[in-house]
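Have a look at the picture first, then read on.

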Amino acid sequence: MQDIPERHKEVLVIGIFKDRQVYIELRPQCPKCKKEFMLDLKKFLPGRAHSCYACGTIAQFDGQLAERVQKLMHDLEASIREVNESFLSQKAD
Ligand SMILES: [Zn+2]
């Protein structure tokens, strides 16, 4: 298994807006072995869990938090579209 280079550990969140979808990736740590894993925030869903690739520990996702995150992601996508449209609707002199 490869260790993540030190400089990458500073990158905790990666955000992309493509095809009107927000893609946010986090690098949380396994609660047991502390290995970082990639978490696509859209897959942080109530009732789901992450199974550590290194030690097999199952980390349950917080249901209420997951629900809140999904709503925020939806709102964020809508807001980003509004920002884009706010520029489109401006008339250039
Ligand atoms: Zn682990």
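Start with strand 1, residues 13-18: zero of its six residues are buried, so this strand lies largely in the open. Here "buried" means that 20 or more other C-beta atoms lie within 10 Å of a residue's own, "exposed" means 12 or fewer, and "partly exposed" is in between, with C-beta atoms placed from the backbone. Strands (E, at least two residues) and helices (H or I, at least four) are DSSP runs, numbered from the N terminus.

Before going further, keep in mind that this is a predicted model: local features need pLDDT of at least 70, side-chain atom pairs count only at pLDDT 80 or more, and totals for chains, interfaces and linings use all residues. Residue numbers start from 1 along each chain as its sequence is written.

Who is the partner of strand 1? Strand 1 pairs with strand 2 (residues 21-26) in the antiparallel sense, over six bridges. Two strands count as paired if DSSP finds at least two bridges between them. One of the links is between glycine 15 and isoleucine 24, its bridge partner in strand 2. The hairpin made by strand 1 and strand 2 has two residues between the strands, and aspartate 19 in this hairpin takes a positive phi near 50°.

Now zoom out. The protein has five strands and one helix, and from the N terminus on the order is β-β-β-β-β-α. Of its 93 residues, 1% count as buried. As for contacts with a separation of 6 or more, 31% are between residues 24 or more positions apart; a contact means that two C-beta atoms, placed from the backbone, lie within 7 Å.

Next comes helix 1, residues 63-88. None of its 26 residues is buried, so helix 1 lies largely in the open too. How far apart should its ends be? At 1.5 Å a residue, helix 1 should span 38 Å, and its end C-alpha atoms are 38 Å apart, which agrees. The expected span is 1.5 Å times one less than the number of residues.

Glutamine 70 sits in helix 1, while arginine 48 sits in the loop between strand 3 (39-40) and strand 4 (49-51). Glutamine 70 has 15 C-beta neighbours inside 10 Å, so it counts as partly exposed. Arginine 48 is exposed, with 11 other C-beta atoms within 10 Å. The table gives a C-alpha distance for each.

| Residue pair | Apart along the chain | C-alpha separation |
|---|---|---|
| Glutamine 70 and leucine 41 | 29 residues | 8.0 Å |
| Arginine 48 and phenylalanine 61 | 13 residues | 5.8 Å |
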